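Subject: Structure handover

Hello,

Here is the structure you are taking over. Please open it beside this message and follow along; my notes come after it.

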Amino acid sequence: MRYRKLGDTGLSVSEIGFGTIPILSGDAPVLPEYYSPDTETAVSIMRDAFDMGCNLYDTAIPAEYGDAEYKLGRFAAGVPREEIIIADKARKYTGEEMRGAVLRSCGNLKTDPDIYFVHQVDEKNADTVFSPNGALEALCLLKREGVIRFVGIASHYYSVLERAANDARVDVLQAPGNILECGVLNRLEENGLMRRKGFILNKVYAAGLLTQAFSPGELISGILHYSISSALIGIGTFEQATAAMAIEYPPCDIPFQEALDVLGRRCDVIACDRCQRCVCSYHHEIHSVLRYFNYFRLGKEAWAMEKLAMHVFGLRRHCMRCRERSCVSSCPRSLPIPALIGMICLEADKWRADRKGQPLGRDDGSI
Ligand code: SF4
Ligand code: SF4
């Protein structure tokens with residue numbers, strides 16, 4: 001296992017970190033599939049990773065990750081505490097809510113987390129999070145009190161990550177990215193923003209969807225050339241721990257087109273790298289709609305269709321009357337976005353018609 005600096009925190013983190021979603025049990029609204037090992041097995045898997053050199057373990061509060069926080073706490077009690085780094089997070093946006101969440105996490109873990117993230121910060125809640133009474137300020141106070149050691153912002157949004165990278169209160173960023181969804185990583189890298197803070201990457205396997213076409217080694221190699229501190233891999237079995245951690249994979253820049261070509265042998269995904277540069281005159285999140293559709297094509301059908309149903313038909317109505325079409329000129333890949341939206345609607349209509357009466361998949365809200 002290789003180690004990298006976590007920004008200016010003074011911490012050295014394993015290049016591969018342990019994502020705890022797959023070890024959770026219960027009805028947590030995270031992923032439709034997870035492994036649900038019992039506590040003893042989950043602790044053994046985390047220990048196995050530790051023995052392979054992993055020192056970064058990432059979790060979230062029970063409302064988000066079920067019993068993963070408790071299981072991580074059990075594991076932490078069995079290893080020298082100073083040899084592991086616990087990152088925790090909560091979707092709490094006001095200061096009062098965040099303070100309560102952190103103190104409950106300390107109780108669940110039976111130890112204090114090292115890093116605490118405001119989770120899923122987006123363009124709608126960011127002003128609350130960054131405000132004087134917001135979650136970020138509450139984390140800073142907990143840091144001054146010695147409850148946590150470092151403060152983080154976790155987000156899917158370039159604009160939020162840019163804001164966090166320029167905020168002296170933030171120590172660590174966390175964001176998704178992989179060889180398909182690499183647009184935000186490229187932008188952060190180009191602007192030097194990833195190097196300003198510690199940077200923890202998640203969704204390296206795209207919720208497992210990319211493992212149909214690529215080996216763990218290819219997916220991990222393909223993101224290690226970025227200036228990230230650590231890549232979290234969701235691990236629910238001993239085999240997954242070994243595949244991610246037993247080998248030091250060399251960094252390798254896999255061109256976006258090459259990744260598309262490989263995926264294209266299995267299904268036709270849209271050539272969107274989720275760079276988030278497209279501007280919609282009606283403020284729709286085009287990148288999210290295209291992502292849901294790609295996840296649909298890659299196999300997460302029910303989840304993706306539930307998401308698309310909430311967004312794509314309203315978007316199409318606006319596209320039909322839109323004169324500016326600012327999306328097309330702002331996309332560096334020159335994607336024919338209005339036509340793609342029309343195609344997605346047709347496919348969504350067909351999917352729904354084929355399954356008339358069948359309930360849509362659960363709304364997990366967070367992959
Ligand atoms: S549609 Fe174009 S601009 Fe928008 S996220 Fe995708 S590649 Fe980027
Ligand atoms: S054509 Fe559609 S996606 Fe493009 S700017 Fe207009 S409403 Fe937004």
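Thr-9 is buried, since its relative accessible area is 12%, and the cut-off for buried is under 20%. Please keep in mind throughout that this is a predicted model. Thr-9 sits in the loop that joins strand 1 (3–5) to strand 2 (12–14). Its side chain reaches two backbone atoms: the oxygen of Leu-6 at 2.6 Å and the nitrogen of Leu-11 at 3.1 Å. Beyond its neighbours within four places in sequence, Thr-9 is in contact with Phe-150, Asp-171 and Val-172.

Ile-45 belongs to helix 1 (residues 39–51). Ile-45 is buried as well, with a relative accessible area of 1%. If neighbours within four places in sequence are left out, the contacts of Ile-45 are Phe-18, Pro-37, Ile-235, Gly-236, Thr-237, Phe-238 and Ala-241. Phe-75 is 30 residues from Ile-45 in sequence, and their C-alpha atoms are 9.3 Å apart in space.

Next, a pair of helices. Two packed helices are described by the angle between their axes and by the distance between those axes. For helix 3 (residues 68–76) and helix 4 (residues 95–109), the angle is about 50° and the axes are 7 Å apart. Helix 3 is therefore oblique to helix 4. The contact of helix 3 with helix 4 has three nonpolar, three polar and one charged residues. On the helix 3 side these are Glu-69, Tyr-70, Leu-72 and Gly-73, and they meet Ser-105, Asn-108 and Leu-109 in helix 4.

How much of helix 8 (residues 183–190) is buried? Six of its eight residues are, so helix 8 is largely enclosed by the rest of the structure. The buried residues in helix 8 are Gly-183, Val-184, Leu-185, Arg-187, Leu-188 and Glu-189. Their cover includes helix 7 (158–165) and strand 9 (198–202). After helix 8 comes Gly-192, which has a positive phi, near 70°.

Two other residues also deserve a look for their phi. Most residues other than glycine have a negative phi. Ala-206 is not a glycine, yet its phi is positive, at about 50°. Ala-206 lies in the loop between strand 9 and helix 9 (216–224), and is buried, with a relative accessible area of 2%. Arg-325 is not a glycine either, and it has a positive phi of about 50°. Arg-325 is in the loop between helix 13 and helix 14. Arg-325 is partly exposed, with a relative accessible area of 37%.

Last, the ligands. Around ligand 1 there are 14 residues, of which Cys-272, Cys-275, Gln-276, Cys-278 and Cys-331 come nearest. By class, the shell around ligand 1 has eight nonpolar, two polar and four charged residues.

Which residues surround ligand 2? They are Cys-280, Ser-281, Tyr-282, Ile-286, Leu-315, His-318, Cys-319, Cys-322, Ser-326, Cys-327 and Pro-338. Helix 13 (301–321) and helix 14 (326–330) are the elements that each give two or more residues to this shell. Helix 13 gives the most, with three residues. The shell around ligand 2 has eight nonpolar residues, three polar and no charged.

Regards

Technical notes. Residues are numbered from 1 along each chain as its sequence is written. Chains are lettered from A and ligands numbered from 1 in the order in which they are written. This is a predicted model: local features need pLDDT of at least 70, side-chain atom pairs count only at pLDDT 80 or more; totals for chains, interfaces and linings use all residues. Side-chain values use heavy atoms; hydrogens and water are left out. A residue is near a molecule or strand if one of its heavy atoms lies within 4 Å of it. Helices (H or I, at least four residues) and strands (E, at least two) are DSSP runs, numbered from the N terminus. Ala, Val, Leu, Ile, Met, Phe, Trp, Tyr, Cys and Pro count as nonpolar, Asp, Glu, Lys and Arg as charged, and the others, Gly among them, as polar. Axes are lines fitted to C-alpha atoms, for helices over the stretch in contact, and angles run from 0 to 180 degrees between N-to-C directions. Angles under 35 degrees count as roughly parallel, over 145 as roughly antiparallel, 65 to 115 as roughly perpendicular and the rest as oblique. Contact means heavy atoms within 4.5 Å. Buried means under 20% relative accessible area, exposed over 50%, partly exposed in between (1.4 Å probe, protein chains only). A polar contact is a pair of N or O atoms within 3.5 Å; within protein, one must be able to donate a hydrogen and the other to accept it, and residues adjacent in sequence count only if both atoms are side-chain atoms.
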